[in-house]
Amino acid sequence: MIEALLELIAPHHCYECQEIGSALCDSCKYNIGSDAFSGCIVCGKPCRNGVCRSCKTYYEAAYCVGERSDTLRQLVDDLKFERQKSAAVSLASLLSSVTPIFPAGTAIVPVPTISSHVRLRGYDQVKLTAKSFAQMKTGCEYYPALARNTKTVQRGASKSVRRKQAKEAFLCRRRLSGDRLYVIIDDVVTTGSTIEYAAKCLYDAGARNIAVAVISRQPMKK
Ligand SMILES: [Zn+2]
Ligand SMILES: [Zn+2]
């Protein structure tokens, strides 16, 4: 309640240019959106659909706003750790500007956040972004088909540990349609294993048209 009031009263400054108004002003939104990341979201190699042939698994296309740097990193981090819910709307509209028009009936599926993190923050930042995104994309439906299976924590874990944890991370309790497009939403991609297993989970439940849309890419340091 108090938080909602504060959001109304406190003026927002654009993360990029400091102009008063929204968390991200229109011209900065345009600049970031038109500079979208265009390589493979997993390995970074140049390719056409956002995922190269050697990284392609259960999804056919991937969209990404950009590398996790500067403004994008601040927006993602603030939404995650600083309770800046309004950042979700800015992130959703960035995601909207780097994705094509989807077929009518497309399902927007958030990767669910680990439940201990949701309790800590009081909300699931990926779901907030996905909900807002679904409202912006004509004919799309917010469709939270995935649930978390375990309470694993990924931050800081080694690559092999992360892969193993991600494998068992999701459940899909609904039967999905082979004709419908499912677009998986996540905030940060590092190894790509989380979205890979999220996509496999949808595939196992019957989905055959799967795409991925993520805010940012943060490759593992070598
Ligand atoms: Zn600006
Ligand atoms: Zn690749």
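This is a predicted model: local features need pLDDT of at least 70, side-chain atom pairs count only at pLDDT 80 or more; totals for chains, interfaces and linings use all residues.
**Overview**

The protein chain contains eight helices and nine strands. Of its 222 residues, 50% are buried. When contacts between residues at least 6 apart in sequence are taken, 71% of them join residues at least 24 apart.

**Helix α4 and its burial**

Helix α4 covers residues 87-97. Nine of its eleven residues are buried, so α4 is largely enclosed by the rest of the structure. The buried residues are Ala87, Ala88, Ser90, Leu91, Ala92, Ser93, Leu94, Leu95 and Ser96.

Two packed helices are described by the angle between their axes and the distance between the axes.

| Pair | Angle between axes | Axis distance |
|---|---|---|
| α4 and α6 | about 50 degrees | 8 Å |
| α2 and α4 | roughly 45 degrees | within 9 Å |

Helix α6 spans residues 125-136, and its axis makes an angle of about 50 degrees with that of α4. That makes α4 oblique to α6. The crossing of these two helices is right-handed. On the α4 side, the contact is formed by Ala88, Val89, Leu91, Ala92, Ser93, Leu95 and Ser96. On the α6 side, Leu128, Thr129, Ser132, Phe133 and Met136 take part. Sorted by class, the contact of α4 with α6 holds eight nonpolar and four polar residues, and no charged residues.

For α2 and α4, the axes cross at roughly 45 degrees. That makes α2 oblique to α4. Here too the crossing is right-handed. Lys29, Ile32 and Gly33 of α2 meet Ser93, Leu94 and Ser97 of α4. The residues of this contact divide into two nonpolar, three polar and one charged. Ser93 belongs to the contact with α6 and also to the contact with α2.

**Nonpolar cores**

In soluble globular proteins, nonpolar side chains tend to be buried together. The largest nonpolar core in this model has 36 residues. Leu75, Leu91, Leu94, Leu95, Ile108, Val183 and Ile185 have the most contacts inside this core. At least two residues each come from α2 (26-34), β3 (61-67), α3 (70-81), α4, α6, β8 (181-189) and β9 (209-217). The most is given by α4, with six residues.

Leu95 of α4 is buried. Beyond its neighbours within four places in sequence, Leu95 contacts Val65, Phe133, Ile185, Ala213, Val214 and Ile215.

**Single residues**

Asp26 lies in helix α2. With 63% relative accessibility, Asp26 counts as exposed, the cut-off for exposed being over 50%. Asp26 and Cys14 are separated by twelve residues in sequence, and their C-alpha atoms lie 9.3 Å apart.

Gln18 is located in the loop between β1 (12-13) and β2 (20-21). Most residues other than glycine have a negative phi. Gln18, although not a glycine, has a positive phi of about 75 degrees.

Technical notes:
Residues are numbered from 1 along each chain as its sequence is written. Chains are lettered from A and ligands numbered from 1 in the order in which they are written. Side-chain values use heavy atoms; hydrogens and water are left out. Axes are lines fitted to C-alpha atoms, for helices over the stretch in contact, and angles run from 0 to 180 degrees between N-to-C directions. Helices (H or I, at least four residues) and strands (E, at least two) are DSSP runs, numbered from the N terminus. Angles under 35 degrees count as roughly parallel, over 145 as roughly antiparallel, 65 to 115 as roughly perpendicular and the rest as oblique. A crossing is left-handed if the near helix is turned anticlockwise from the far one by less than a right angle, and right-handed if clockwise. Contact means heavy atoms within 4.5 Å. Ala, Val, Leu, Ile, Met, Phe, Trp, Tyr, Cys and Pro count as nonpolar, Asp, Glu, Lys and Arg as charged, and the others, Gly among them, as polar. A nonpolar core is a set of buried Ala, Val, Leu, Ile, Met, Phe, Trp, Tyr and Cys residues joined through side-chain atoms within 4.5 Å. Buried means under 20% relative accessible area, exposed over 50%, partly exposed in between (1.4 Å probe, protein chains only).
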